[in-house]
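Here is a short briefing on one protein chain. Keep the structure open while you read.

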Amino acid sequence: MAAEGHLGWLLGRGATFGHIKQLHAHLLTTGLFRRSPPLRTAFLELCALSPFGDLAHAVAAFRSTPHPATTTNDWNAVIRGIAAGPDPSGALALFARMLSLSPPRPDALTLSFALRATSRSSARPAALQLHALTLRFGFVADDRLVTTLLDAYAKCSASEAALQVFDEMPLRDVATWNALLAGLALGSHPHTALALFHRMVSSSLPDRETPNEITVVAAASACAQLGSARDATAIHDFARRRGFDADIRVRNALVDAYAKCGALGRALDVFRSTRSKTLVSWNAALMALAMHGRGALALRLFETVMLRSTVAPDAVTYLAVLCGCVHAGLVEDGLRIFYSMRGVRPTAKHYGAVVDLLGRAGRLSEARDLVDAMPMAPDAVLWQTLLGAARTHGDVALAEHAARKLAEMGSKGCGDYVLLSNVYAAKARWGDVGRIRDTMQGNDVRKVPGFSYTEVDGALHRFLNGDREHAQWRKIYRTLEEVEARIRALGHVPETAHVLHDIEEEDKERALYQHSEKLAMAFGIAATPATAPIQVIKNLRICGDCHAAAKLISRAYGRVITVRDRARFHQFEGGECSCGDYW
């Protein structure tokens, strides 16, 4: 069979990597790999990009070709494959190598694939250099390339540069708007993404620039990041008016957005009313239940409904169910699910969820045994999970072991130091706390400050611990004094054990009193109607004292208070929390 026939056969029916290696051998022995550039490029694309290919083999085959024989298309195939692989920065290194040679010369596709690598690796300097090359090579008139540049800038947190490129484009279409929207929404500028969406909706745009379903998905993603239920509702209403809400991608994005905005009921309403549910639909609903602490409901939905449907679970499905068990303390159910996974090979994330499940329940020796028995090397996240469990249960030896493993892996996250320091502080080992602090300073590691924000009348108000920067800070602190008086009358005693500093008890109470989530709740009480719900988003895990206080605040003021912290949602109502005090 000719080489062209081999390629057609591989593309047209089920193939394996073994078939690709046979084809490679045929191309080498016949000399076609060097003499026929189109065949070589087609092989490299097949090997680098197909589900049954192997990127490392494609790179090795490409490097075995002498430089003068390579074409731009060969470079494009391999750069594209690496850009989509586990280490996209390698595509930028290969692109730099290409620039040092002449020929071949990069074309618009080469730059496009390199830009995708910058998006995935958040390589802002590379995005700037590629922009310069786009101008230098005269590719600025290529709408698709400039759209990819927009996406790269947005995902590299260069929003000002992205908006400047966008505004300077002589011709745009809806794909251009959507690329910028999605990049901003998934990057670190969801506020800017929503502002762009409102600009798009309110402008009199030509037909080629009017919003479509992808626009709504991107805007919903921005709402999910911000946690703004008000904006999510507005976008849902817009989708209904335009007839986009029947699109399954829009419905799935709305389930995710509503869930991450604290509106679990609305998320489930959208899910239940979706007729043809996809795997993404099920996963979104299960993860929504998990992050809201409804693990038993997630388990029931999975076992009694999804497994009886025509949709087979994947790795994300099992992870969502395991996370639901983690947040609800369903240890035995979680272990049963983990050990009965069918058709899916457990990943480090699944093992991490089970380690978290066991660790939260205080079964630390089982958690460590599971880590030791893993078929893959534990990653930093898993050791951080074990360190967090050791912190919760005061196991100094395990905390030190996990911290050593993290240090060996080169991890320098402030959380690693803070957790170990907290373990020592809880045991009043202030000398060790000081040693950790000195190590952080020596390694130039800075603790991430805790902050919270809440939305009032469409505006977001951000608070740091002990914040006095807000324009209404005096009113906020007066309200906070009233809040403290009311909850003390209901029996609240500050849990000063959560202040891990060698300071006087009175100073510990003052530190707790000024936590950012309490300031946000006090502002919500002062600035909204008496029965309005309050939603607070916090970048770190809510502390035990703030959790206890929030329960009593919800009872004292008759308010529903929702707190979204780093890991999950807490809904306080009538003196109780949806987490059942297990988080």
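A salt bridge here is a side-chain nitrogen of Lys or Arg within 4 Å of a carboxyl oxygen of Asp or Glu. Side chains of opposite charge can pair when their charged atoms come close. The model is predicted. The structure holds 21 salt bridges. Among them are the pairs described below.

**Arg 336 and Glu 303**
- Arg 336 forms a salt bridge with Glu 303, and their closest N and O atoms are 2.5 Å apart.
- Arg 336 sits in helix H21 (residues 331-339) and Glu 303 in helix H19 (residues 295-304), so the pair ties together parts that are 33 residues apart in sequence.
- Arg 336 has 36% relative accessibility, so it counts as partly exposed.
- Glu 303 also counts as partly exposed, because its relative accessibility is 28%.

**Glu 332 and Arg 363**
- Glu 332 pairs with Arg 363 in a salt bridge, with the closest N and O atoms 2.9 Å apart.
- Glu 332 lies in helix H21, while Arg 363 is in the loop between helix H22 (348-360) and helix H23 (364-373), so this bridge ties together parts that are 31 residues apart in sequence.
- Glu 332 is exposed, because its relative accessibility of 52% is over the 50% cut-off.
- Arg 363 is partly exposed, with a relative accessible area of 24%.

- Glu 400 forms a salt bridge with Arg 429, the closest N and O atoms being 3.8 Å apart.
- The pair links distant parts of the chain, 29 residues apart. Glu 400 is in helix H25 (residues 396-408). Arg 429 is in the loop between helix H26 (414-426) and helix H27 (430-442).
- Glu 400 has a relative accessible area of 24% and is partly exposed.
- Arg 429 is partly exposed at 33%.
- A network of salt bridges links Glu 400, Arg 429, Asp 432 and Arg 435.

**Ser 112**
- Ser 112 belongs to helix H8 (residues 108-121).
- Is Ser 112 buried or exposed? Ser 112 counts as buried, because its relative accessibility is 7% and the cut-off for buried is under 20%.
- Leaving aside neighbours within four places in sequence, Ser 112 is in contact with Leu 145 and Thr 148.

- In the model, residues 173-207 are 74% helix and 0% strand.
- The end C-alpha atoms of this stretch are 9 Å apart.

Terms used
Residues numbered from 1 in each chain as written. Predicted model: local features only at pLDDT ≥ 70, side-chain atom pairs only at ≥ 80, totals over all residues. Heavy atoms only, no water. Helix = DSSP H or I, 4+ residues; strand = E, 2+ residues; numbered from the N terminus. Buried < 20%, exposed > 50% of the residue type's maximum accessible area, 1.4 Å probe, protein only. Contact = heavy atoms within 4.5 Å.
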